Each structure stands twice: as C-alpha cells, then as structure tokens.
Amino acid sequence: MALIALGICGGVGAYKAVEVARGLQKRHHEVVAVMTDAARHFVGPLTFEAITRRRVVTDQFEPGANANIEHIAIASDIALLLVVPATADIIGRFAAGIADDFLSSLYLATTAPVLMAPSMNVNMLAHPAVQRNLETLAARGVRFVEPGEGYLACGWMGKGRLAEPDAIVEVAERILRPAGPLRGRRLLVTAGPTYEDLDPVRYVGNRSSGRMGFALAAEAMRRGAEVVLVAGPTTVEPPAVTELVRVRRAAEMHAAVMDRAAGADAIVMAAAVADYTPAEAAAQKIGKTDGPMQLTLVRTPDILADLGRLRPSLPGQPVLVGFAAESEDVVNRAAAKRVKKKVDLIVANDVLQPGAGFDVDTNAVTIVGPDGAEAVPLQSKAAVAGVILDRVEALLEKKTGARK
Ligand code: CTP
C-alpha cells in the first residue's frame with residue numbers, strides 16, 4: 001500500500017529490522033532498505049536485498065547511482081521513514097541536522113512522518129545528551145517506539161532493548177493508516193463462497209464471487225480501519241487488507257472467524273456460507289454406477305448465529321452484520337433472520353432482481369435494522385459498501401457513546 005524507507009543503523013538489534021521488513025511486506029507495504037556503514041557490521045545488505053527485492057541503499061556516493069537525485073527521489077516517494085534500530089549516533093545526527101550519509105540526508109530531505117525505534121545501552125539512553133536529542137526530535141514531530149526493559153546485549157539490565165518487531169510494525173501501520181472515520185477500529189469481513197468437497201475432484205459450492213465482501217473490505221480500509229478479510233475460494237482478486245485469511249470449507253471459515261472475533265469492533269458476514277456439507281468426503285474419486293446417486297449432506301455450523309449467541313461474552317461485543325440471499329418476501333424473511341441470529345443489521349439481497357446479488361459488479365439491497373428497512377437502490381457494490389459502512393459507523397458511535 002505504501003513505500004516505506006527502513007533505515008538500519010549499527011546496533012545489535014539490526015537483525016530484528018529483517019523481521020520488521022517482513023512484517024511491513026505482509027501488510028502489503030513496499031520497503032526500501034537504507035543501511036548506515038555501521039549497520040553493515042551487523043547484517044549484510046544482501047539479506048535486505050533478498051527480502052525487499054530492491055537494491056539496498058548503502059552509500060550516498062555509490063558509483064552508478066546519482067546520489068544527489070536518489071535521496072531526493074526516495075525522500076519524496078516514501079510515506080514513512082522508519083529507523084530500526086535507532087542508535088544514539090543517528091538520534092544525535094538527526095537532532096543536529098547533520099547530513100553526512102544517505103540516511104541522515106534522507107531525514108532532512110523527506111516530509112514524510114518519521115518513526116524511530118531506539119535501542120542502546122541503558123546509560124547511553126539515560127544520558128542527558130541523548131535525552132535532549134530525543135526531546136528535540138519529539139518536538140519536531142518525530143515519533144518513537146519505546147525501547148523495552150530487560151537484559152541488554154551489553155550484559156546490563158535496564159531500559160534500552162529494541163521493541164519487538166510486531167510492535168514496531170503495528171505503530172508504523174497506525175501512522176500510515178488514513179485518518180478516516182473508522183481509524184482505530186478493527187473490522188472482520190467474510191467474503192465469497194465455501195466449497196464443500198465430495199471427493200478429490202468435486203465439490204458443492206455456490207455462485208458467490210466475493211465481490212460484495214471485497215468491496216466492503218476495500219471501503220473499510222479507505223476509511224482507516226484495520227481489516228481482517230476471511231475469503232472463500234474465488235478467482236476475483238481480493239483488495240489489500242491488514243490480514244487476508246484464505247479458507248475453503250464452511251468449517252474452516254467458522255474456525256477462522258471464531259479465532260479472530262474477540263478483537264473485532266464489527267463483523268460483517270458477507271460470505272455465502274454453505275448450509276450443508278457432504279457427510280463424508282470420499283478419499284478417492286467417486287466412480288459412476290448405472291443407478292441414481294444419493295448424497296447425504298449434514299448441516300454446517302451457522303457462523304453468524306454462533307457469533308450472535310457468543311456476543312455477550314466477546315470482549316468489545318462487536319457490531320454484527322449479516323447478509324440474506326432471498327428470492328421472495330425479502331424484508332420479512334430478513335427481519336426474522338435478524339432476530340433469530342441476534343444481529344444488528346441484515347443486508348437482504350433479492351437474488352432474482354436483475355443486476356443484483358451473485359457474480360455482478362452491482363447490487364441492490366435492503367438493510368434491515370431494529371428500526372425498520374432501508375432500501376438501497378441498484379448501484380455499484382463499492383457504493384453499496386459505503387452505505388452499509390455508514391450504518392456500521394453509526395452503530396459503533398452509538399456503542400462508544402453508551403460506554404462513556
Ligand atoms: N451464514 C453463516 N453460516 C452459515 C450460513 C450462513 O454465517 N452456515 C451467514 C451468511 O454469511 C449470511 C447469513 O448467515 O450473513 C444469512 O445467510 P442465508 O444463507 O441467506 O441464510 P440462512 O440463515 O442460511 O437461511 P436460509 O438459507 O434458510 O434462507
């Protein structure tokens with residue numbers, strides 16, 4: 001989603017920058033590694049080149065690269081300058097405005113936000129010179145991931161240990177996320193069909209393409225949310241999200257959703273989950289016989305109903321939104337499902353209406369809530385996603401207000 005310059009300095013924690021680069025990539029960010037001379041004593045540039053699949057910037061005056069232009073080009077392209085580990089030396093050079101290598105020049109040349117993860121000996125960190133430099137940088141808007149306490153590589157105990165890579169990635173992600181109305185919210189969205197296998201070559205499935213769920217996930221990302229997308233098997237390209245979980249069967253989707261439900265502020269079940277699955281999937285391909293064939297199907301777990309039942313015990317008690325694919329008496333049937341499954345909203349699709357429902361780019365729905373039904377006329381799934389998320393936002397605001 002964004003290009004991040006990862007500045008690596010000469011500290012024992014430099015190897016952890018490798019994990020930070022991987023974590024950022026997992027969240028769909030591009031990383032360009034910028035190493036100081038000292039950093040190269042700890043980790044080789046090849047490691048970062050292999051991971052980032054980009055040339056690693058190691059020298060401002062490298063022959064072949066027009067140095068003066070390159071640091072300006074990177075400076076204007078990046079969405080974040082992240083320094084891991086930030087040593088006392090780089091903190092001092094940034095604070096003083098010294099531009100004697102690529103990384104320190106990049107700091108002066110960029111207008112992108114700057115995030116530093118300091119790591120050093122406990123006494124170095126506590127030294128008034130370092131503390132003053134940190135204050136100077138903080139006053140300029142530079143942000144920090146606090147070092148942790150514990151055993152330091154130098155043998156001392158105390159504050160100075162580099163924060164964990166996951167925590168650094170998390171803070172970076174928070175800075176990069178757009179300041180939308182869903183910033184700070186975590187949404188769990190399901191999309192697509194489920195395939196219930198009969199044997200190694202056949203399955204029972206449905207015509208869902210995942211487009212409605214993908215549109216919801218993409219719009220929630222645009223509004224600044226953290227989005228976990230649990231997607232069934234579909235050939236449509238999913239949007240870039242915070243975490244993408246691929247599943248096949250209803251039982252797998254159930255497990256993936258339940259595992260992640262606790263941290264969610266809202267869960268939107270747009271997936272067309274199979275209601276039945278073969279009682280037993282044959283290990284070998286089923287051959288034909290002369291007579292008719294009978295399949296025994298058994299019920300799958302109803303994920304949405306389980307969420308409705310569990311909600312009172314879930315931390316944060318997420319807003320729950322279900323979908324209902326109907327072909328007759330749409331509003332009444334959706335209203336009944338809302339009550340039965342104990343959810344906040346049911347988005348009802350009339351699957352017989354041309355241009356709506358499965359496998360098309362448009363949709364027309366009716367949103368059934370506690371106060372009645374809102375008809376959303378035929379429009380793009382992206383626009384319908386916007387209307388649904390407006391309703392989710394209103395419910396989240398009401399909940400937060402009630403908690404105050
Ligand atoms: N759903 C679910 N788990 C299932 C089946 C459905 O979580 N095993 C969810 C869907 O994701 C959707 C909602 O329940 O959000 C309604 O799905 P739908 O198939 O329309 O309704 P059903 O409850 O299955 O009722 P019926 O098929 O009888 O109309």
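Buried means under 20% relative accessible area and exposed means over 50%, with partly exposed in between, using a 1.4 Å probe and protein chains only. Helices here are DSSP runs of H or I with at least four residues, strands are E runs of at least two, and both are numbered from the N terminus.

This is a predicted model, where local features need pLDDT of at least 70, side-chain atom pairs count only at pLDDT 80 or more, and totals for chains, interfaces and linings use all residues. Residue numbers run from 1 along each chain as its sequence is written, and side-chain values use heavy atoms, leaving out hydrogens and water.

I start with helix 12, residues 330-340. V330, A334 and R338 are buried there. They lie on the same side of helix 12, because they cover an arc of only 65° around the axis, taken from the directions from the helix axis to the C-beta atoms. V339 and K340, on the other side, are exposed. The buried residues of helix 12 pack against strand 16 (319-326), strand 17 (345-350) and strand 18 (362-369), where contact means heavy atoms within 4.5 Å. Just after helix 12, K342 has a positive phi of about 55°.

Now the ligand. Around the ligand there are 17 residues, of which M269, A271, L304, F323 and K341 come nearest; the criterion is a heavy atom within 4 Å. A ligand oxygen atom sits 2.8 Å from a polar backbone atom of M269. A ligand nitrogen atom is 3.0 Å from a polar backbone atom of I303. The protein covers 80% of the 570 Å² of accessible area that the ligand has on its own, by the Shrake-Rupley method with a 1.4 Å probe.

Definitions and conventions:
Polar contact = N/O pair within 3.5 Å; in protein donor to acceptor, adjacent residues only side chain to side chain.
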